[in-house]
Amino acid sequence: MSFPIVRHRRLRRTAGIRSMVRETVLTVNDLIAPIFVTYGTNVREEIPSMPGVYHLSMDQLDAEIDEIVSLNIPAVLLFGVPETKDAVGSSAYAEDGIVQQATRHIKKRYPELVVVADTCLCQFTDHGHCGMVHVEERCGELHGEVDNDASLELLVKTAVSQAEAGADIIAPSNMMDGFVQAIRAGLDEAGYSHIAIMSYSVKYASAFYGPFREAAHSAPQFGDRKTYQMDPANAQEALREAESDVLEGADMLMVKPALAYMDIIRTLKDQFDLPLVAYNVSGEYSMVKAAALNGWIDEKGIVLETLVGMKRAGADLIITYFAKDAARWLK
Ligand code: PBG
C-alpha cells in the first residue's frame, strides 16, 4: 500500500546538514559583558545572589578585562557603585567618578575594547531613584515625585562626563521622558557628536532586576519605579517608546528584561532598522545559576539555548552576565 504523502524532509539527519541550514548563529561578537566597579582597594566581592559576578575595585579591574579581551568579547557595560551618595547623585557626573575612572583606565589599556557606560542616577542618589526626586514626609512615611526635567540636566552632565572619559557608547537606562533627545543635544554641544546612544527604550518595571539592585545598592528607599518604567502588560506602548527614541536620535534600541519579553524583541526588530539589544538581566542569571548549582539543570545547555533564543527573537546584541561563560563555551 502506498500513501500519497508530501514529504517534508527534516534537514537534521546529520550534524553537517544541521549546521548548513541553521538560521541563527550565536557568536562571541554578539555579547556585552557587564562590570560592577566599586571604590576602595583590593575589593573583589562576589555578589551573593549572582555567583560568579563581582564588585571590583579599580586595582582589581585588570584581571577581569584581560580575561574579557582574551575571550574576544568586544564590549563591556560599566556600572558604578560609588562610595558616597547624595540627593542629586553628584558622584555620577564627577570627573573622578568611579565610572569615569574605570573608563579612562580601560581605554588606556585596551583602546579597542568598546566601553558602554550606563547613564543613570539610581546607584548615586541616596533615595535610590533614577533621577531627581522631591521628597516629602507624610504620616511618617517618605513619598517622592520624580522631577523629570531637572533629572534630564543631571543625566546630560553624566553622559558628557562619561564621553569625556572615553566611553564609546552612552547607555541611558533612566527612563525619563525625553532623555535621548536631551543627551544627544548635550553630547553634540560638548563635541561628542560621534558618540552613539544605546537607549534602554523599552524597560519594564520588572521583578527580574532584584539581584541587580542588591548588587548595585540601588533599591529605591521609598516608592517604586512604576511611574517611569513600563507596565509588563503593555506591548503597544513599547512601540511608542521605541519610536520616540528613534525620532530623538537613538542609535541602538534595547529591550529589558529579555526572557519574559521575547515578543517585544521580535516586534521591535520588525518595526525598526536600528541594531537591537536584549538585556538578559540579573534575575534571569540568578535563576539559572541557582538551579545549576543545585544540579537541577545543564547550565551550558540552558544558557546557550536561551541566548540563541534571544537572537532568534531578533536581538543583534545581548548584554549578559553569562558573557564570559558563553564565550568559553562557544570557542
Ligand atoms: C538602572 C538599571 C537597572 C538595571 C540596569 N540599570 C535596575 C533598575 O532599573 O532597577 C538592571 C539590570 C539587571 O537586573 O541586570 N540603572
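These legends describe close-up views of a predicted model.

**View 1. Lys324 and Glu67 join two helices through a salt bridge.** The side chains meet with N and O 3.4 Å apart. The pair links distant parts of the chain. Lys324 belongs to helix H11 (residues 323-330), and Glu67 to helix H2 (residues 61-70). Lys324 is buried, at 18% relative accessibility. That value qualifies because buried means under 20%. Glu67 is partly exposed, with a relative accessible area of 28%.

**View 2. Asp325 forms a salt bridge with Lys289.** The closest N and O atoms are 3.8 Å apart. Asp325 lies in helix H11 and Lys289 in helix H9, so this contact ties together parts 36 residues apart in sequence. Asp325 and Lys289 are both buried.

**View 3. Asp325 also pairs with Arg328 in a salt bridge.** Here the closest N and O atoms are 3.2 Å apart. Both residues sit in helix H11. They are 3 residues apart, about one turn of the helix. Arg328 is partly exposed, at 39% relative accessibility. Salt bridges with shared partners join Arg328 and Asp325 into one network with Glu64, Glu67, Lys289, Glu299 and Lys324. The structure as a whole holds 14 salt bridges.

**View 4. Helices H3 and H4 pack against each other.** H3 spans residues 98-109, and H4 spans residues 148-165. Their axes are 8 Å apart, at an angle of about 25°. The two helices are therefore roughly parallel. The cut-off for that class is an angle under 35 degrees. H3 passes H4 in a right-handed crossing.

**View 5. Leu11, Met20 and Val21 make a nonpolar surface patch.** The patch covers about 320 Å². Leu11 lies in the segment before helix H1 (15-20). Leu11 is partly exposed, with a relative accessible area of 49%. It falls in that class because exposed means over 50%.

**View 6. Ala292 sits in helix H9.** The helix covers residues 282-293. Ala292 is buried, with a relative accessible area of 19%. Ile302 is 10 residues from Ala292 in sequence. In space, the two are 9.3 Å apart, C-alpha to C-alpha.

How values were computed. Residues numbered from 1 in each chain as written. Predicted model: local features only at pLDDT ≥ 70, side-chain atom pairs only at ≥ 80, totals over all residues. Heavy atoms only, no water. Patch = residues over 30% accessible without salt bridge, like charges linked within 9 Å, V, L, I, M, F, W, Y side chains within 5 Å. Areas by Shrake-Rupley, 256 points an atom, 1.4 Å probe, with all protein chains shown as cover. Salt bridge = Lys/Arg side-chain N within 4 Å of Asp/Glu carboxyl O. Helix = DSSP H or I, 4+ residues; strand = E, 2+ residues; numbered from the N terminus. Buried < 20%, exposed > 50% of the residue type's maximum accessible area, 1.4 Å probe, protein only. Axes fitted to C-alpha atoms, helices over the stretch in contact; angles between N-to-C directions. Parallel < 35°, antiparallel > 145°, perpendicular 65-115°, else oblique. Left-handed = near helix turned anticlockwise from the far one by under 90°.
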